[in-house]
Amino acid sequence: MLKKFRLKLKSIFAYLVLILFSLPIFLTFSWLIITTFSTRTEGLKSLGWTLNNWSFLWKSPFGPNFPSIWLVTLNTFLLAAIMTVIVVFVSSMSAYALSRMKFAGRRGFLSLTLILHAFPSVTLLIPIYFILRWITKIPIIGHGIPFIGGFGFNTIGGVALVMVAFQLPFGVWIMKGFFDNISWDMERSALIDGASRFQVWWKILMPNIKPGIAALSIFAFISAWNAYIIPFTFTVGRAGKTTVLSVYIQNFMSESVMTEWNMVAAVGLFQLIPVLIFFFFTQEALLNIYGGGAKGGA
Amino acid sequence: MRNNFQLERETNSLSSFSNTKSFFSKLKSWLLPYAFLSPTLIVVTLFFFIPLVIVFILSFTNLDMTNFGILKWWQPANWTLDNYIKIFTNRFFPKILNNTLMYVSATLILFNVGMALVIALITTNINRRIGFASRLIWLACRLTPVVVYIMMWKALAGPSPMGVINKHILGPLGIGEGEYLLHICPWIFIVLVNGFIGASFGMIIFSSAIEAIPKDYMIASKVDGASTWQTIRYITIPMIRWPLLFVTTYQTLSLLTSFEQILLLTNGGPGLYETEVWSLTAYHRAFSSYFGNTQWGYGSAWAVILVIIGIIMAIVYLRVFRFNELIQEPKIEQL
C-alpha cells in the first residue's frame, strides 16, 4: 500500500516537473493567440476582444510603403516551394548514385557529405554575399527570370539557391538512407529488361521512396518558410519586392509603436499557420526527421 | 564497374544490338554516376568550396565599402595579417570571448544537454501518449518561425503592465519594478530563448536512445531494489553515453556559430557589447554598418576562426563517431 502510494507520488512529481519546465512554451503561445484577438492586453489578460488585427489581410496595414501581405506570402511560398523542389530532386539524384553505383571517389564523396552536414555553413555568409553578387552579373540567370527574379543577389531564386546549398548535405544523407533500404531486385529486373539507370531512378525507385520524399519536403519547406537570416542578408529594401514574411514582420517590430503590437502578433500567427498544419498532421514524421540530425539553429 | 559492364552486355544481348558494345557505351557507364552527382557538385562548389577559399583570402585584406571595386583583394600583394592583430588587440575582445564562452556553456549545460536529458527521462517513463505529446510541444519551439518566436519572448519579458512575466509572476510576488526584463537581465533570456529551441534536438535523440535500452536491464535493477535515481545513474546514463557525447559536441558547434536569435533578441545590446558573441561580431562587422561602413575583410577574419573550428570539429565527428563505418558498399553492382 505504502509502496503504491510512493510510486504514485513519484509520477505526480514527474508530471509537475514536466509542466513547470514547459510553462514558458504555454505562456508564449497563449500570449500570441490572446494578443492577436485583443484590442490591448495586460499580460495574458485581454482588455477587449476584436478581429480588427486581421485587417492586414485585405489592406496594407503599415502604410502605403509596405507591400500587401499577399505579395509577401507569395514570395515566401515561392522561396519555400523552389527550395523544396530543388532539394528533393538534387539530393535524391545524388543519393541514388551514392547508394547504387560504384565509382571512383564514392567514399570521398560520402565523407564530404558528412563533413558538410556537420560544418556550420552560416559562417560562410560573407563570401556567399560576393558569390551572389557575381551571379547577378550573369545575364538572364542573374536577374531576368520572371516571378523568382533570377538566382543572383536580391532575388527570391538567389536566396532559395543559398538555402538549397545549406540543406543539401542533410538531404543527400537522409535520401541515401531511404534508397539503401529498398530491395534491389526490382531495379535489377528493370535493368535486365533494358531500362536505363535514369529511367530506373525516376520510374522505379522514386515512387518507392515516397515517405522519404515527403519527410524531406516537409523539413525543407518549413525551414525555408521560417528562414530569417539568409533572406534578410541577401535581399535589400526591407519592404521591397523580394520581402519574405520573416523580414516583413521583423521590420514592423523594429518600427512599430506599442499600439500596433497586436497586429504584428496577428501577422506572426498568420505566418505560423502553415507550420501548425504540418505540425498537426505529420507529428510522427517531424519527430523522426528532427532526430535524424537537424542542422542549424541552436 | 566490370560487373555493370557484364550486365549491360547481358541486357544488350536480349535486344537486337548484340555487337554494339563500343567505347562510347563504356564511357557512358563510367560517366553516369558523375552525371547524377553533378547538380550537387555544382551547388556545393559554388556555395561551399569557393566561399571557403574567398573567406580566407578576404580575411587577409581590408576590403570594405569604401574601397570595394578599387582594392584588388585577390592579389597576394594586398594580403596582411592586420585583421587578426586587430581582433586580438580589440578593446572588447575579452568581453566578446567571455560572452561567447558563457553563452555556449550555459545554454549547452542547462538546456541542450541538461534539460533535454530531463525531458527525455520523464517522457519515456510516463504514459506513452502523454510523453509523445510533451515532446511535440518542445519541438514546437524549433518549428516556430524564429521572428515570431522571438516576438513572443519579447512579450514575455515586456515591461509591466504588458509583459507576461512582470504582470503574472514578478508583480504578485513583489519583485522588481516592472522594467523591461531584456534590459535588466538579457543573458537569462538569451539562454532561455536558445535553450528552448536547442533542447528539442537532444530530447529526441536521448528519448529514442532510452527507448532502445532493453527492458531486461530495468527489470533487473528493480528486482535488485535499486531506486529510480540509481537506475538512471547506473543504467540509463551509461547506456546512452554515446548519444550524450554526440549531442554535446554537435550542439557546442551549433551554439558557437548560431547568432540569429541573439541578433533578433538583443542585437548585441542593451549595453555596449553586453551580449555580443563571436559569430554575431563577424556578422555585424561585415553586414551592419555602425559607422556607415561594412568591413568585409575584418568580418571575414572573425568568421575564419569559426570556420577553422567548424572544419576541425566536423572531421572529429567523422572519426570519433565512426561515420565511415556507415558507408556500405552499393548492392546493385554486385549482380
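# Two chains, question by question

Me: Is A:Asn154 buried, exposed or partly exposed?
Reply: A residue is buried if 20 or more other C-beta atoms lie within 10 Å of its own, exposed if 12 or fewer, and partly exposed in between, with C-beta atoms placed from the backbone. A:Asn154 has 19 other C-beta atoms within 10 Å, so A:Asn154 is partly exposed.

Me: What pLDDT do local features need in this predicted model?
Reply: pLDDT is the predictor's confidence in each residue, from 0 to 100. Residues are numbered from 1 along each chain as its sequence is written, while chains are lettered from A and ligands numbered from 1 in the order in which they are written. The model is predicted: totals for chains, interfaces and linings use all residues, side-chain atom pairs count only at pLDDT 80 or more, and local features need pLDDT of at least 70.

Me: Where does A:Asn154 lie?
Reply: Helices (H or I, at least four residues) and strands (E, at least two) are DSSP runs, numbered from the N terminus. A:Asn154 is not a glycine, yet its phi is positive, about 60°. Its place in chain A is the loop between helix 4 (125-137) and helix 5 (156-180).

Me: Which phi value does B:Tyr273 have?
Reply: B:Tyr273 sits in the loop between helix 13 (260-265) and helix 14 (278-287) of chain B. It is partly exposed because it has 18 C-beta neighbours inside 10 Å. Its phi is positive, though the residue is other than glycine: near 55°.

Me: Which helix of chain A has the highest mean pLDDT?
Reply: Chain A averages a pLDDT of 81, and 91% of the residues score at least 70. Among its elements, helix 12 (residues 283-291) has the lowest mean, 69, and the highest, 89, belongs to helix 2 (residues 69-100).

Me: How far apart are the centres of domain 1 and domain 2 of chain B?
Reply: Chain B has 15 helices and 0 strands. Its domain assignment gives domain 1 (2-80) and domain 2 (91-294), with bounds from an automatic or database assignment. Taken over C-alpha atoms, their centres are separated by 40 Å.

Me: Which helix of chain B gives the most to the side that touches chain A?
Reply: Two residues are in contact if their C-beta atoms, placed from the backbone, lie within 7 Å. The contact takes 98 residues from chain B and 83 residues from chain A. The most on the chain B side, 17 residues, comes from helix 2 (residues 23-59).

Me: Which residues does B:Ile122 touch?
Reply: B:Ile122 is found in helix 4 (residues 93-125) of chain B. It counts as buried because it has 20 C-beta neighbours inside 10 Å. Not counting residues up to four places away in sequence, B:Ile122 touches A:Ala14, A:Val17 and A:Leu18.
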